[in-house]
Amino acid sequence: MLIGNYKVSYAADQAIFRTPASRAWLWVLLGVAVAFPFVAGDYFLYLANLVGIFTIAALGLNILTGFTGQISLGHAAFVGVGAYATAIAATRLGLPFWLAVPAGGLAACLAGALVGTPSLRIKGLYLAIATLAAQVILEWVFTNWTGMTGGIRGINVAPAGLWGFEFDTDRRVYFLVAGLAAFHTWAAANLFRTRVGRAFIAVRDRDISAELMGIDLFRTKISAFMISSYYAGIAGGLWVYFAKVVTPESFPLSLSIQFLAMIIVGGLGSIKGTLFGAVFVTLVPEGLRAVVQGATAYSPDAMSWLAPMKDIVFGAMIVGFLVFEPHGLAEIWNRIRRFFWLWPFPK
Amino acid sequence: MDELLQFLVSGVVTGGIYALIAIGFVVVYKSTGVINFATGELMMLGAFFAWTAMAVAHLPFAAALLVAAAGAAAVGALVERVVLRPMLGQRPISIIMVTIGLSSVFKGIAQVVWGGEYRSFPTIFPRRPVELGPVVLPSRQAWPFLIAVAAIVLLAALFRFTRTGTAMRATANDQATAFGMGIDIRRVFSLSWVLASVTAALAGVVVGIIGGISPQLGAVGLRIFPVVILGGLDSIGGALVGGIVMGVLENLAGGYLDPLFPGTGVKEVAPFVALVLILMARPWGLFGTREIERL
């Protein structure tokens with residue numbers, strides 16, 4: 001319980017910042033994000049871009065899985081749909097990036113609506129398997145629809161440009177990624193203060209009860225799929241301008257699993273948690289790489305252990321969080337915060 | 001005509017192996033409600049156990065099978081006790097992800113212990129191809145298929161005729177009542193993981209004999225989803241029928257659709273297209289239980 005946090009109106013209770021301190025923290029975070037590209041090295045900017053893109057994708061997955069309760073094992077495929085749509089719009093139609101990326105979002109959104117259609121009839125584990133099928137089938141389409149996707153050779157895309165300014169280095173792409181990531185985080189946080197967003201949560205908690213309360217189940221589930229895939233599509237579009245090339249093997253099932261790991265490690269149904277999860281899951285393998293590289297000083301063939309170690313740590317991380325901290329990093333953060341709210345009084 | 005027959009027969013052979021894998025999956029789902037995404041990796045571990053017994057310890061094949069079964073049983077029991085039991089009653093997403101996490105751990109461990117390269121079993125069966133009328137089967141498909149069939153028959157007998165098998169069926173049917181009748185539910189959960197792991201290990205050996213083993217062998221595990229969805233997630237008979245049907249479908253798709261989409265691996269994706277169609281039409285499968293929700 002937060003001391004001295006007394007609300008007298010509904011508006012105050014629904015406010016996105018519950019205390020002035022959390023508003024201040026957000027400004028600090030934004031300040032750090034803006035200052036980051038001016039001080040960080042290339043490698044860290046590359047990682048920051050990766051984290052930013054994954055944040056947008058993971059937010060989409062959390063909207064669908066964490067907030068609406070629809071499990072998706074095909075999220076990476078939607079990122080792929082967005083990436084291919086963006087690349088095709090940019091190369092064939094010659095659209096500038098500020099039209100091509102939304103086009104990717106829109107294409108993924110439509111694909112999401114299509115895959116989400118059965119969600120009224122099937123749910124839970126069955127839906128998970130249906131989205132797994134979507135992942136396998138879409139991957140097959142990426143590889144084999146050579147006329148459109150360029151097959152395994154993929155599509156090369158020129159850097160994004162705006163009024164003669166080229167987003168050609170990771171430092172410049174960072175502004176694009178960070179801007180869009182911030183915007184989409186803000187949008188997601190506000191989504192759950194609207195009727196649509198509240199309906200998502202009601203459907204997650206008990207879909208039949210939600211229906212009795214006048215929520216149109218089909219529309220709600222389809223909207224969740226569409227919004228979620230739109231996020232994935234935007235992430236895919238950014239991926240295109242980040243990697244400058246789209247190939248089918250960039251969107252495997254293991255990436256879908258990685259997105260799921262992000263929202264589980266971060267916290268299902270938590271916007272803040274999604275950010276934590278995207279950062280954590282992206283950086284842990286990099287930290288591991290650093291450790292293993294350090295170990296080469298003692299044993300020269302340590303690098304050959306990197307791949308299996310990554311698998312083991314990744315799996316153990318998922319299992320560990322699920323067994324010991326099912327609400328993820330967001331809950332750990334909240335516990336620390338609660339401690340300081342009460343401090344110096346004991347719990 | 002002979003061509004069709006050949007496709008059908010190799011389809012049945014593939015299907016028999018799918019059925020064996022699917023049975024292990026269904027046993028766990030039926031009694032504990034867990035969708036086991038680690039089935040493929042349990043197969044891979046079992047195959048490596050058997051391979052080690054044969055290639056390193058130079059045991060005969062039958063002994064190697066026993067070693068694989070024992071090793072897999074230990075892994076299954078451990079996994080159930082340490083990881084799955086605390087997860088009982090959690091949301092589907094958590095349970096799915098915990099088995100996915102386990103599969104990643106198993107894959108990593110296998111790479112550490114056995115390395116990443118392909119290995120093949122020493123020659124076990126006579127090399128002469130088996131001829132059934134006009135159809136010719138390579139011996140390394142025919143014999144493993146027989147092992148799969150034997151394992152399925154053995155499992156069916158276990159469920160049908162033993163006291164433990166009856167207890168497991170009772171638990172799957174109605175947990176509360178079974179508990180009331182004095183059946184030790186925890187033991188049944190543990191046993192179903194052990195059984196599933198042993199089944200997976202046998203299936204792994206079979207697949208390993210046909211195609212060689214590596215830590216990537218677990219990828220076959222994904223192919224069981226079309227099988228179990230067709231048969232019904234909680235039906236062992238369904239797993240059998242589903243396995244055979246999907247095996248045949250896959251081989252027919254490989255035989256007749258591949259020329260239309262050359263070099264695209266249409267064989268791998270066809271079962272998943274079928275899966276989507278089945279989910280649209282009859283999500284509980286041919287023989288599964290239709291879930292009815294009440295508030």
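1. B:Glu117 is partly exposed, with 45% relative accessible area. Here buried means under 20% relative accessible area, exposed means over 50%, and partly exposed lies in between (1.4 Å probe, protein chains only). The model is predicted: local features need pLDDT of at least 70, side-chain atom pairs count only at pLDDT 80 or more, and totals for chains, interfaces and linings use all residues. Residues are numbered from 1 along each chain as its sequence is written, chains are lettered from A and ligands numbered from 1 in the order in which they are written, and side-chain values use heavy atoms, with hydrogens and water left out.

2. The partner of B:Glu117 is B:Arg119, and their side chains form a salt bridge at 3.5 Å, N to O. A salt bridge is a side-chain nitrogen of Lys or Arg within 4 Å of a carboxyl oxygen of Asp or Glu. B:Arg119 is partly exposed too, at 22% relative accessibility. Side chains of opposite charge can pair when their charged atoms come close.

3. Over all chains, the structure holds nine salt bridges. In chain B, a network of salt bridges links B:Arg223, B:Glu250 and B:Glu268.

4. In chain A, A:Asp207 and A:Lys221 form a salt bridge, with 3.7 Å between the closest N and O atoms. This pair links distant parts of the chain, 14 residues apart: A:Asp207 is in helix α10 (residues 207-212) and A:Lys221 is in helix α11 (residues 217-243). Helices (H or I, at least four residues) and strands (E, at least two) are DSSP runs, numbered from the N terminus. A:Asp207 is buried at 8% relative accessible area, and A:Lys221 is buried at 1%.

5. A:Glu325 and A:Arg335 meet in a salt bridge of 3.0 Å, N to O. The two residues are ten apart and link distant parts of chain A: A:Arg335 is in helix α15 (residues 328-342), while A:Glu325 is in the loop between α14 (306-324) and α15. A:Glu325 is buried, at 15% relative accessible area, whereas A:Arg335 is partly exposed, at 39%.

6. A nonpolar patch on the surface is formed by B:Leu240, B:Val241, B:Val245, B:Leu286 and B:Phe287, with about 390 Å² of accessible area together. Patches are made of residues with over 30% relative accessible area and no salt bridge; like charges are joined within 9 Å, nonpolar side chains (Val, Leu, Ile, Met, Phe, Trp, Tyr) within 5 Å. Accessible areas come from the Shrake-Rupley method with a 1.4 Å probe, and for residues only the protein chains shown count as cover. B:Leu240 lies in helix α10 (residues 236-257) of chain B and is partly exposed at 34% relative accessibility.
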